[in-house]
Amino acid sequence: MNGERAGRHAEALIDLEALRHNLAQARRAAGEARVFAVVKADAYGHGLLDVARALHEHSDGFVVATLGEGEALRRAGVTRRIMVLQGHDSLGEARRAARLQLEPVLHTPPQLDVLDQGHAGLPMRVWLEIDSGMHRMGFDPAEVALALSRLDGHRALREPPGLMTHMARADERDCPLTQAQLERFTQLTKGQAGERSLANSATLLGWPAALGDVVRPGIMLYGGNPFVDGRELPCTLKPVMQLRTRLLAVRWQKKGDRIGYGETWTCPEDMPVGLAAIGYGDGYPRHAPSGTPVRVAGQDASLVGRVSMDLLTLDLRGVAARPGDEVLLWGEGLSVDSVASMAGTISYELLCAAGARSRRVVLNTGAV
């Protein structure tokens, strides 16, 4: 199994029924727009092929980062449309994309040059990315007209290019930049043929005027809250990953005992301290501070001391626990967003890391 370490207890349970539920929420929010599920980075640590198979009959397409990810989906029998965010860098890669019927995103002039170098094979679908304000990838507004003219009627294309952009701060529901980006994108693409794609999870749930023709939900599919303000979502999402392990030991520590590397936490009284079989080697964040919530045998507890490579130490005051009990790091009843907030990061990072390094167990594989 993915990321398995011999003799370890840490495992990431992946609930595909919860995944399909979350996609249904995305589709409801999308209205008439087509839904392309984002499965890059091994489906945010949940397993590229398992997720794609679970969503194949329920989505209109998929979004990956690289041609390699797209090829893996095709080899696994995925027949839906596949958008490739990093596009192609050579004629050979363009031919590979055409052969596999992948849809590369073009975001630099050299990628346009590739299409002029020779025959790419089958006519392709491509997307043209416009930098409407994120300033990361995409054609500058001053370059858009020339780029579109170069692609107009191009022999390599089967239809006009799709037009897309990325929203920089859609996760801040009151940020005026998103409206400015939407207006800039609308102006730059006015009168042009081709599909429009603007919406990630945050845009989909918070900015209904920016849906376009194709939406690209990512983190919401996996049960994460895409907004930074922590406010209630307009839909109900279910956690797809349950990260759990077992309690190895319970030790009674004395008042004044200092716990773990660096002695960063001191026992305020005589108290039980638990030892859990998981650490940053399993993808749990090393920078999670004392006080980060966990659940032990279904009861609220918290992390104390510094996270080790293979172990966590836990405050078990008021918790009835014994070795072998389940320790839940995030999942049902303990959101990954709350852990990420305590650790000063985002749920995306935690899910990708734990999914890659812990033993992954897939549940509810049957279609609904």
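**Sheet and pockets**

Mentor: Bear in mind that this is a predicted model; in it, 8 strands make up an open sheet with parallel pairing, and their order is 8-7-6-5-4-3-2-9.

Trainee: Which strands stand at the edges, then?

Mentor: Those are strand 8 (196-197) and strand 9 (214-215), and each has a single partner strand, so one side of each is left without a neighbour in the sheet.

Trainee: And how many bridges join strand 3 to strand 4?

Mentor: There are 4 bridges between strand 3, residues 61-64, and strand 4, residues 81-84, with the two strands running parallel; within that pairing, F62 is found opposite I82 of strand 4.

Trainee: Switching to pockets, how much space lies in the largest pocket?

Mentor: The largest pocket holds about 950 Å³, and 39 residues line it, with D171, I219, P226, I346 and Y348 lying nearest its centre.

Trainee: What volume does the second largest pocket have?

Mentor: Its volume is about 250 Å³; the second largest pocket is lined by 19 residues, and G223, L237, P239, G331 and S335 are the closest to its centre.

Trainee: How does that lining divide by class?

Mentor: For the second largest pocket, the lining has 10 nonpolar, 6 polar and 3 charged residues.

Definitions and conventions:
Residues are numbered from 1 along each chain as its sequence is written. This is a predicted model: local features need pLDDT of at least 70, side-chain atom pairs count only at pLDDT 80 or more; totals for chains, interfaces and linings use all residues. Side-chain values use heavy atoms; hydrogens and water are left out. On a 1 Å grid over the protein atoms alone, a cavity is a set of points where a 1.4 Å probe fits but cannot get out, and a pocket is an open set with protein on both sides within 12 Å along at least five of seven lines; lining residues have an atom within 4 Å of a point. Grid points are joined across faces, edges and corners, and a volume is the space filled by probe spheres set on the points. Ala, Val, Leu, Ile, Met, Phe, Trp, Tyr, Cys and Pro count as nonpolar, Asp, Glu, Lys and Arg as charged, and the others, Gly among them, as polar. Two strands pair if DSSP finds at least two bridges between them.
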